[in-house]
Amino acid sequence: MFSQILANAAAAAVPAATEGGNKFTEITTKFGIEPGALAVQIVSFGVLALVVWYFGFRPLMKTVAERQKKIEDGLKFSDDMKAKLAQSEADYKATMARAAQDAAAVLDAARKSAKETVEKAAQDAIARAEETERRAAENVAREREKMLAELRGEVAALVVETTAKLLARELPAAEKTRLTAAAAEELKA
């Protein structure tokens, strides 16, 4: 039906075109073009172009624009991720540097503490050794005094016994006095 309307419109236009000039008729005859069919083809091509543009080209351009936007977003996201990765690496390096510094500080503190502990233990050991030496010296001095006291007692007993034996014998008075004075001197020493 639409093609009939176009054919009627083209047929009505042909006499008007032939009346307007010979040149147009001459060209159309020479090339074998029928003006009515040409008008129908032009209108059909226009309708087809409109349909293709509306249902094909427009959605295709919309899809291309969406894909272009997705690609741009992906590139932007990639750039953002590269920047975040670089920042993360920098943060990681800074964290590792701080951790290394903290570890060095802890290690230094441990070494210092260990050194102090060793020095304190050495001082304590020296103090205990000196205390033990002092006690041993005191014990030796006490034992010496005790032995000397025992020795004096035994010597005194021997002197008394010897003096008693000597005095039991008959000695001149001068000899007895001399022996008694010697024994007294002996006991004082």
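**Entry 1: what I count as a salt bridge**

I take a salt bridge to be a side-chain nitrogen of Lys or Arg within 4 Å of a carboxyl oxygen of Asp or Glu. I am working on a predicted model. With that cut-off, I searched the whole structure and found 4 salt bridges.

**Entry 2: the chain overall**

I looked up the secondary structure next. The protein chain has 4 helices and 0 strands. Read from the N terminus, the order of elements is α-α-α-α.

I then checked confidence. The mean pLDDT of the protein chain is 83. I note that 85% of its residues reach 70 or more. Which element has the lowest mean pLDDT, and which the highest? Helix H1 (residues 2-20) has the lowest, at 54. Helix H3 (residues 35-168) has the highest, at 89. Where pLDDT is low, the predicted coordinates should not be read in detail.

Of the 189 residues in the protein chain, 5% are buried. The accessible surface of the chain is about 16,000 Å². Carbon and sulfur atoms account for 64% of that surface.

**Entry 3: helix H2 and Thr-28**

How many of the 10 residues of H2 are buried? I get a count of 1, so H2 is hardly covered. Thr-28 sits in this helix, which spans residues 22-31. Thr-28 has a relative accessible area of 10%. Buried means under 20%, so Thr-28 qualifies.

What does Thr-28 touch, once its neighbours within four places in sequence are set aside? I find contacts with Ile-33 and Pro-35. I also checked the backbone just after H2. There, Gly-32 takes a positive phi of about 75 degrees.

**Entry 4: Asp-73 and Lys-69**

Asp-73 pairs with Lys-69, and their closest N and O atoms are 3.5 Å apart. The two residues are 4 apart in helix H3, which means about one helical turn between them.

Which residues does Glu-131 bridge to? One of its partners is Arg-134, with the closest N and O atoms 2.1 Å apart. Both residues lie in helix H3, 3 residues apart, or about one turn of the helix. Another partner is Arg-135, and that bridge spans 3.1 Å from N to O. Glu-131 and Arg-135 are 4 residues apart in helix H3, again about one helical turn. Salt bridges that share partners join Glu-131, Arg-134, Arg-135 and Glu-138 into one network.

Glu-131 is partly exposed, at 28% relative accessibility. Arg-134 is partly exposed too, with a relative accessible area of 39%. Arg-135 comes in at 49%, and I log this residue as partly exposed as well. The cut-off for exposed is over 50%, so Arg-135 stays in the middle class.

**Entry 5: a nonpolar patch**

A nonpolar patch of about 1,100 Å² turned up. Its members include Val-43, Val-47, Leu-50, Val-51 and Trp-53. Tyr-54, Phe-55, Phe-57, Leu-60, Met-61 and Val-64 are also among them. I picked out Tyr-54, which has its place in helix H3. At 42% relative accessibility, Tyr-54 is partly exposed. Patch residues need over 30% relative accessible area, so Tyr-54 passes on that count.

**Entry 6: the aromatic pair**

How many aromatic pairs does the structure hold? I find 1. The partners are Tyr-54 and Phe-55, with ring centres 4.9 Å apart. Their planes stand at 90 degrees, so I record the pair as edge-to-face. The two partners fall into separate accessibility classes by my notes. Tyr-54 is partly exposed, whereas Phe-55 is exposed, at 61% relative accessibility.

Definitions and conventions. Residues numbered from 1 in each chain as written. Predicted model: local features only at pLDDT ≥ 70, side-chain atom pairs only at ≥ 80, totals over all residues. Heavy atoms only, no water. Buried < 20%, exposed > 50% of the residue type's maximum accessible area, 1.4 Å probe, protein only. Areas by Shrake-Rupley, 256 points an atom, 1.4 Å probe, with all protein chains shown as cover. Contact = heavy atoms within 4.5 Å. pLDDT = per-residue confidence, 0-100. Patch = residues over 30% accessible without salt bridge, like charges linked within 9 Å, V, L, I, M, F, W, Y side chains within 5 Å. Phe/Tyr/Trp six-rings, centres within 6.5 Å; stacked < 30°, edge-to-face > 60°.
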